[in-house]
Amino acid sequence: MKVDFYHLTRSPLERVLPRIAARLHGDGERLLLVSEDADQRRDLDMLLWTYAPDSFLPHAQAGAGDDRLQAVLIAPDVTPANSARNIAIVDGRWRDEALTFDRAFHFFGEDHIAAARSAWKALADRDGVERRYWRQGDNGWEQAA
């Protein structure tokens with residue numbers, strides 16, 4: 001199980017997340033996007049329709065149709081109704097339920113750094129969990145740990 005911590009310092013979530021989601025989709029993978037914030041979920045829904053004029057990323061909000069068919073499902077909780085094996089936690093609040101997936105992407109900004117540090121430390125003792133910490137440097141994303 002891999003957990004990638006993405007510390008957003010230069011580029012906002014809106015620029016980073018669609019690229020990861022598109023890459024996973026291109027590899028035939030499914031993704032669950034999790035945020036408790038209804039406004040953020042709505043914004044992500046719009047973003048995935050408009051982030052690039054030359055691409056299409058099939059997605060929906062949980063409960064808006066047949067969740068099982070969605071390549072990317074935007075949800076308020078960690079329920080992979082689309083059978084996703086990848087999860088992106090986008091509201092900054094780590095959830096241990098993400099450890100049931102093959103890979104987790106945990107996005108956080110300065111306002112959630114203390115909580116991210118706590119999650120990082122707590123995962124250090126978990127068997128079978130590979131942690132990676134990514135930060136934005138002068139030349140793009142750099143693996144810092």
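Strands E5 and E6 pair in the parallel sense, joined by 4 bridges. Strands, like helices, are DSSP runs numbered from the N terminus (strands are E, at least two residues; helices are H or I, at least four), and two strands pair if DSSP finds at least two bridges between them. Welcome to a predicted model, in which local features need pLDDT of at least 70, side-chain atom pairs count only at pLDDT 80 or more, and totals for chains, interfaces and linings use all residues. Residues are numbered from 1 along each chain as its sequence is written, and side-chain values use heavy atoms, leaving out hydrogens and water.

**The whole sheet**
- The open sheet has 8 strands in the order E3-E4-E2-E5-E6-E1-E7-E8, and its pairing is mixed.
- Strand E3 (59–61) and strand E8 (140–143) are at the edges with a single partner strand each, so one side of each has no neighbour in the sheet.
- On average, neighbouring strands are turned by 20° against each other, direction ignored (axes are lines fitted to C-alpha atoms, for helices over the stretch in contact, and angles between N-to-C directions run from 0 to 180 degrees).

**Around strand E5**
- In E5 (residues 86–89), Asn86 and Ala88 point one way while Ile87 and Ile89 point the other way, and all are buried (under 20% relative accessible area with a 1.4 Å probe, protein chains only; exposed is over 50%, partly exposed in between).
- Isoleucine 87 stands opposite alanine 104 in E6.
- Strand E2 (residues 31–34) runs parallel to E5, with 4 bridges, and leucine 33 stands opposite alanine 88 in E5.

**Towards strand E8**
- Strand E7 (residues 130–137) runs antiparallel to E8, with 4 bridges.
- Glycine 137 has glycine 140 in E8 as its bridge partner.
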